[in-house]
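Hi,

Here is the structure I promised to pass on.

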Amino acid sequence: MPIIFKLFIQYNCMSSVEKLIETISKESKKSADEVKTMIEEKQLELSGLVSEEGAAYMVGRELGVSLLKESNKVLKVENIVTGLRSVDVTAKVVKITDPREFDKKGKKGLVQNILLADETGRIRLTLWNDETDLVKNGKIKEDDVIKITGGYVRPDNLGKPNLMLGKGKAEKVNEDIEVVSDSYPDFGRSQSKSSHISAFKVGDYQSTRACLVQLFNRRPFYEVCPKCGKKVNAEGEDWKCDEHGKIEASHKMILSGTIDDGFGNIRVVFFGDTAEKVLGKSVEEVVKLKDPLTIYENIEALGNEFIFTGSVKQNTFTEKNEMVVNSVGNVNLKGEIETFIKDLNVKNKN
Ligand SMILES: [Zn+2]
């Protein structure tokens with residue numbers, strides 16, 4: 001059972017990133033410089049799509065440091081990231097979807113989504129079961145400004161922050177707030193667009209439901225520095241990191257292939273965790289194999305549909321577009337609900 005560190009972070013102030021770094025460093029016993037490097041790398045990994053602050057939260061989470069906000073501080077939508085607990089936020093109801101019924105082991109449930117916005121961005125609030133009474137009884141309507149107290153944030157099936165109430169509450173407040181314009185992408189500034197592959201352009205952050213049609217028969221990993229995670233170069237028998245010199249190399253998985261959405265196809269590249277998810281094997285398992293190329297003989301994910309989210313770039317050699325995939329999501333709502341329920345069970349045991 002990991003210890004949850006209750007930390008008090010001040011939002012909306014100039015030095016908030018420094019404070020986050022200080023806190024993460026203290027709780028994770030890593031130096032502030034190490035934490036800073038991890039934050040920079042996280043931003044690079046996500047192609048600059050997250051703010052320094054957002055990246056700091058992700059790094060904190062990866063290191064097992066839970067960064068809780070002080071309950072009376074005002075949180076803006078753009079600062080809401082996955083993993084936050086005890087979220088208080090005031091936002092306007094932009095849109096309410098119809099409730100959907102689902103069936104879980106013979107028990108019926110309800111799920112309903114509300115799109116919220118403030119002047120910094122948009123986020124989805126999901127109501128489950130009795131929580132949908134808030135809408136049914138007219139306590140929350142479109143154009144209302146609502147205050148959420150004690151909510152929490154989970155990733156949606158595209159890995160984007162999704163607000164949930166849990167033991168928290170939502171109530172209408174009598175104030176008016178500015179909201180981002182209608183053209184602003186849904187659910188936050190780094191939210192992907194969703195269009196057909198044939199319409200993808202270089203520089204887009206896109207999301208598409210497509211079939212994984214092939215994986216190229218290439219060496220599925222490369223050597224990285226265990227300290228900074230960067231690619232290392234061979235020097236005779238040794239591996240050398242530009243920053244850390246001679247090191248014992250670790251490995252990072254890389255897979256490339258093609259996805260097709262019925263309207264077009266694009267080359268895709270998966271790194272690290274995303275590649276391991278596609279393959280269903282860890283990089284350690286693959287490195288141990290006598291012939292790592294045998295992994296391509298039987299890949300369950302091939303021919304299946306997923307939601308692929310990532311950045312569209314131009315490959316410098318082929319000059320063709322390719323997507324660097326940041327997340328591979330399951331298509332079905334059932335999977336989403338099962339993860340949610342699993343999470344609830346974990347919460348109840350705590
Ligand atoms: Zn290094």
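A quick definition before the rest: I call a residue buried if its relative accessible area is under 20%, exposed if that area is over 50%, and partly exposed in between. Please also keep in mind that this is a predicted model.

With that cut-off, cysteine 228 is buried, because its relative accessibility is 5%. Cysteine 225 is buried too, at a relative accessible area of 2%.

Both cysteines belong to the zinc site. The ion takes its protein donors from Cys225 (SG), Cys228 (SG), Cys241 (SG) and His244 (ND1), at 2.0 to 2.3 Å. Along the chain, these donors are spaced as C-x2-C-x12-C-x2-H. The angles between the four donor atoms around the zinc run from 103 to 114°, so the arrangement is tetrahedral.

Glycine 229 sits in the loop that links strand 10 (221-224) to strand 11 (233-235). With 37% relative accessibility, glycine 229 counts as partly exposed.

And which residue lies 191 positions away from glycine 229 along the chain, with the two C-alpha atoms 9.1 Å apart? That would be methionine 38.

Helix 2 (residues 32-45) packs against helix 3 (residues 52-62) at about 110°, and their axes are 9 Å apart. The two helices are therefore roughly perpendicular, and the crossing is right-handed. On the helix 2 side, the contacts come from Met38, Ile39, Lys42 and Gln43. Their partners in helix 3 include Ala55, Ala56, Met58 and Val59.

Cheers

Definitions and conventions: Residues numbered from 1 in each chain as written. Predicted model: local features only at pLDDT ≥ 70, side-chain atom pairs only at ≥ 80, totals over all residues. Heavy atoms only, no water. Donors = N, O, S within 2.8 Å, 3.2 Å for Na, K, Ca; no water. Tetrahedral: all angles 85-135°; square planar, octahedral: opposite > 155°, others 65-115°. Buried < 20%, exposed > 50% of the residue type's maximum accessible area, 1.4 Å probe, protein only. Axes fitted to C-alpha atoms, helices over the stretch in contact; angles between N-to-C directions. Helix = DSSP H or I, 4+ residues; strand = E, 2+ residues; numbered from the N terminus. Parallel < 35°, antiparallel > 145°, perpendicular 65-115°, else oblique. Left-handed = near helix turned anticlockwise from the far one by under 90°. Contact = heavy atoms within 4.5 Å.
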